[in-house]
Amino acid sequence: MHKTAMEQTLWHFSKKCNRSLGCARDMFDEMSERNVVSWTSMIEGNAKCGNLDAARQLFDKMPEKNVVSWTAIMTGYAQLGYGEEALRLFYQMKQLGVEPDQLTFASVLQACACSALLSEGKQVHGHVIRSGFEWHIVLATALVDMYAKCGRIEDSHRIFDSTSARDVVAWNAMIAGYGKHGYARKALQLFEQMRQSGLRPTRISFTNVLSACSHAGLVDEGCYYFNSMTQDYNIIAESEQYACMVDLLGRAGRLDEALAFIQKMPIEPTADVWGALLASCRIHGNMWLGKLAAEWLFKLRPDRAGTYVALSNIYSAAGRWDEAAKLRRLLNDRGVKKEPGYSWVQVKNKVHTFSVGDTAHPQIEHIYAMLDKLAGQMKTAGHVPNTNFALHDVDDEQKEHMLYHHSEKLAIAFALLSTPPGTSIQIVKNLRICVDCHTAAKFISKIVGREIVIRDANRFHHFKDGLCSCGDYW
């Protein structure tokens, strides 16, 4: 698509947020004639800057749309986590007779991946096959990523193996998939196979490897690859790789080493680095280091609610209720919005979403009855609710009652009621799964004889026969 000089300038400005995007809008408003290129540039720019409402208004007003325009708005929704809306737009585009191209399919598969919409992902895969694009490397990589993020790592690897002309992006997607599912050794084997094939690893390759090592507690291997990145490939570590290393050391309980690593960093530690340390302090109950990490985070990212929640959890676990309550008040006084926890499960092509203590679902009475039944069975099997991280100074019975109403337990109970016996259950949680829900899922998987797969904010957990694929290390 040929662009005029004015359109090139508009496109350039629209790719930059804030002031430059404002300049682009002024130019756009002053144009006597606007064509598909100028409209699409503004849609892309607003979507990239997170202004989805503005992007959608432009798209809806656009007098003439082509496949590039549709792809631009779908990509915006997909990248910001609104997968269902991206899919709605995709099917609307198809109904209007606009044929998707490779980039359109890639965006829609990304939408399915981010929201773990497996049924829709399979349908889009079918569209890709019928369009003759299945072996296009961009789409093959998107399919690898989609199936991995939807909990089907075997299908992901099958597509990866059947793709002949694999580039480093495809390898990275497969390595990341194995890492997220807790199969760190397979991720490292793939990385070595990629190197032996002659492809040069990228910074993203090493980030995926370091993340895989962190999820599995492979400290020595992680340190080796971090050093290899700089020494063998002259890739300068950036904040993301440093955060991976702090996470690697911290999860393993080597908190003093993690702090020393931060203090020796040649760049200024970012919020992600301090956040990794705080998360590790929460896992291991280190109040002193947790307070230190939180203090830095309050300076760097005072709007990050997770800092208040993590430190409050550390205080609560130590019985320091006054400090925990003070933090919650501070969170409210500063107007920081805490992201609510919720879980969702897809049954018969419909997504069912639950929040803690939910009462809105039409089958909620049956769901709570199932939870009560499971609670009794788990107690008989030896389950003792973990109330260490309950955020309120109430008696143990009340804490247990609150724990049984967590969103992931509600989603599991609903899935057990709504799917055939013996089938696998797949749950998605927007935050990190709590310790008690993790333990409960292990018990439930053994009691009902079904595999339960939960994707939380960090990784996948495959619960089967009373065990989890993470080995209780997450």
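Author: In this predicted model, helix α17 (residues 271-284) packs with helix α18 (residues 287-300) at an angle of about 150°, and the two axes are 9 Å apart. Because angles over 145 degrees count as roughly antiparallel, α17 is roughly antiparallel to α18. The crossing of the two helices, α17 and α18, is left-handed. On the α17 side, the residues in contact are A271, W274, G275, L277, L278 and C281. They meet L289, G290, A293, W296, L297 and L300 of α18. Sorted by class, this contact between α17 and α18 has 10 nonpolar residues, two polar ones and no charged ones.

The buried residues of α8 are L118, E120, G121, V124, H125, G126, H127 and V128. These buried residues pack against both helices and strands: the helices are α6 (83-95), α7 (102-114), α9 (137-149) and α10 (153-162), and the strands are β1 (342-347) and β3 (425-429). After α8 comes G132, and the phi of G132 is positive, near 80°.

S69 counts as buried because its relative accessibility is 0%, and the cut-off for buried is under 20%. Leaving aside residues up to four places away in sequence, S69 touches V36, T40, F59 and M62.

Most residues other than glycine have a negative phi. N234 has a positive phi, near 55°, and is a residue other than glycine. Its place is the loop between α14 (219-231) and α15 (239-251). With a relative accessibility of 66%, N234 counts as exposed, since the cut-off for exposed is over 50%. D465 also has a positive phi near 55° in a residue other than glycine. The loop that holds D465 runs between β5 (460-464) and β6 (467-468). D465 counts as exposed because its relative accessibility is 54%.

Terms used:
Residues are numbered from 1 along each chain as its sequence is written. This is a predicted model: local features need pLDDT of at least 70, side-chain atom pairs count only at pLDDT 80 or more; totals for chains, interfaces and linings use all residues. Side-chain values use heavy atoms; hydrogens and water are left out. Buried means under 20% relative accessible area, exposed over 50%, partly exposed in between (1.4 Å probe, protein chains only). Helices (H or I, at least four residues) and strands (E, at least two) are DSSP runs, numbered from the N terminus. Contact means heavy atoms within 4.5 Å. Axes are lines fitted to C-alpha atoms, for helices over the stretch in contact, and angles run from 0 to 180 degrees between N-to-C directions. Angles under 35 degrees count as roughly parallel, over 145 as roughly antiparallel, 65 to 115 as roughly perpendicular and the rest as oblique. A crossing is left-handed if the near helix is turned anticlockwise from the far one by less than a right angle, and right-handed if clockwise. Ala, Val, Leu, Ile, Met, Phe, Trp, Tyr, Cys and Pro count as nonpolar, Asp, Glu, Lys and Arg as charged, and the others, Gly among them, as polar.
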